[in-house]
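Hi everyone, thanks for coming. Let me put the structure up on the screen, and then we'll walk through a few places in it together.

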Amino acid sequence: MVDHPDKGQWLVGWDPEDQDAWERYGRRIARRNLVLSVLCEHIGFSVWTLWSVLVLFMSPDIGLGFDPGEKFLLVATPTIVGALLRLPYSFAVTRFGGRNWTVFATAILLVPTVLALYFVGRPGTPLWVFLLIGALAGVGGGNFASSMTNVTALYPQRHQGWALGLNAGGGNLGVAAVQLVGLAVISMAGRTHPSYVAAVYLPLIVLLALLAAWRMDNVDAVRTVPGAQREAARDRDTWWISALYIGTFGSFIGYGFAFGLVLQNEFDATPLTAVGYTFLGPLLGSMARPLGGLLADRLGGAKVTFWNFLAMGGGTLVLIGASRANSLPLFVTGFTALFVLSGIGNGSTYKMIPAIHAGRAEAKITEGQDASAAFARARRLSGAVIAIAGAIGALGGAAINIAFKLSYSDGSGSGTPAFLTFLGYYILCMLLIRTVYLRRPPAEPATPAGARVASRV
């Protein structure tokens, strides 16, 4: 029984696996919360990746003449902080509730946005100030974990691949949206007014915080018992998934931050040219994420993720060839393909998480355990794994920017050493999936004690 399902209070006794309740009111409530979750996460991603656009404006013309290495360091900073915040953000939503935490996490985006608006208009501002503001912008990256944990509790397992993909894809669109805002500003006001980019987001942040307070709900099913993340951390599958997510989401967010700077360093692209290309890849990659979840729902997450990494390796080879041939069209095509593939991989990798834990819950039920308790535990552990994998995956984005920083700092003007590193990691991910999931028999460890369950991943 759910208490006050439409009053924006705690939804007590929420069980999305109850088919009758799901059809009567569960679907409607979940959809309403999902829409607002997507919008708030979208703004969070835009603020998180704001500096990927602002660095393109930075030049001696506006008194902010930083070198390429400093710019790559600046875009890596919010990536790192956003990654580190994902674990506490995931825990916070289980403590304070989806609605309460979404309101706070959205409203706090005002702080780095206002600071960015002010200081990018002050010539001579030292790098450390921008690094500090960039670190504060990392709060936008934390929103992903709390949002995904909340959505996991709202939807039944059979719909989680699509729901998680839609939620994350809509949030990821914030990476493309901020690029479009930057393009509009450069086109209409020139490249000397970066503060206009930040100004666009101030009213949107206020509006969405108010909408979340008005229409979202706190769901008691998202509450977790103490130690859930510690329990998840003891499960080896958590770390396998995290390694895969470095390759998928780490690629998406790392490329999203770095693409414009790579074009400037690789092809001497102007800010207008760079930002004109950089929105397309994140846009298509974000739209592809729900597709990855849907394919994983039908074919299995491990299988989709394996073939996806194979394609990402091919896309990386295209980038290396385009760089050596100095072909901007081929380079942009290859990068755009990598964005799309990373989006598909994001969705398929995350689908593996609830599938693993749902399979274990089904095994517990066959052993006589209460079904509601088994699936509730599966959802809680899935939320904990999502937080851990999300944090570690985002750190992969920082690693990508650091790899580019090292690659372009040697004066060669080529990112090939970085691309070769990425290619090697994609191959390792394929080997991991092949060894751990595609060759694993239908049964797998459910507990450290060695109980075995059936699970289709």
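Before we look at helices, a word on how their packing is described: axes are lines fitted to C-alpha atoms, for helices over the stretch in contact, and angles run from 0 to 180 degrees between N-to-C directions. The helices themselves (H or I, at least four residues) are DSSP runs, numbered from the N terminus.

Two housekeeping notes. This is a predicted model, so local features need pLDDT of at least 70 and side-chain atom pairs count only at pLDDT 80 or more, while totals for chains, interfaces and linings use all residues. Residues are numbered from 1 along each chain as its sequence is written, and side-chain values use heavy atoms, with hydrogens and water left out.

How confident is the predictor? pLDDT is its confidence in each residue, from 0 to 100. The chain has a mean pLDDT of 85, with 90% of its residues at 70 or more. Please be careful with residues 441-455, where pLDDT stays under 50, although the model has 29 contacts there beyond four places in sequence; contact means heavy atoms within 4.5 Å. Where pLDDT is low, the predicted coordinates should not be read in detail.

At what angle do α13 and α14 cross? Helix α13 covers residues 280-299, and its axis comes within 7 Å of the axis of α14, crossing at roughly 130°. That makes the two helices oblique to each other; angles under 35 degrees count as roughly parallel, over 145 as roughly antiparallel, 65 to 115 as roughly perpendicular and the rest as oblique. On the α13 side the contact is made by Leu295, Ala296 and Leu299, and on the α14 side by Gly301, Lys303 and Val304. Sorted by class, that gives four nonpolar residues, one polar and one charged. Here Ala, Val, Leu, Ile, Met, Phe, Trp, Tyr, Cys and Pro count as nonpolar, Asp, Glu, Lys and Arg as charged, and the others, Gly among them, as polar.

Let's stay on α14, which spans residues 301-325. Leaving aside neighbours within four places in sequence, Thr305 touches Ser348, Thr349, Met352 and Ile433.

Asn326 is exposed, at 53% relative accessible area, and has a positive phi of about 55° although it is not a glycine. Most residues other than glycine have a negative phi. Asp268 also has a positive phi, about 55°, and sits in the loop between α11 (236-267) and α12 (271-278). Asp268 is exposed too, with a relative accessible area of 66%.

Over to another helix pair. Helix α5 (residues 110-119) packs against α9 (residues 195-215) at about 155°, with axes 8 Å apart, so the two are roughly antiparallel. Among the residues making this contact are Thr113 of α5 and Ile205 of α9. The contact has 10 nonpolar residues, two polar and no charged ones.

Thr113 and Ile205 come up again at Val47, which touches both, along with Leu109, Pro112 and Ala137, not counting residues up to four places away in sequence. Val47 belongs to helix α1 (residues 19-48) and is buried, at 2% relative accessible area. Val47 and Pro112 are 65 residues apart in sequence, yet 7.9 Å apart in space, C-alpha to C-alpha.

Key: Buried < 20%, exposed > 50% of the residue type's maximum accessible area, 1.4 Å probe, protein only. pLDDT = per-residue confidence, 0-100.
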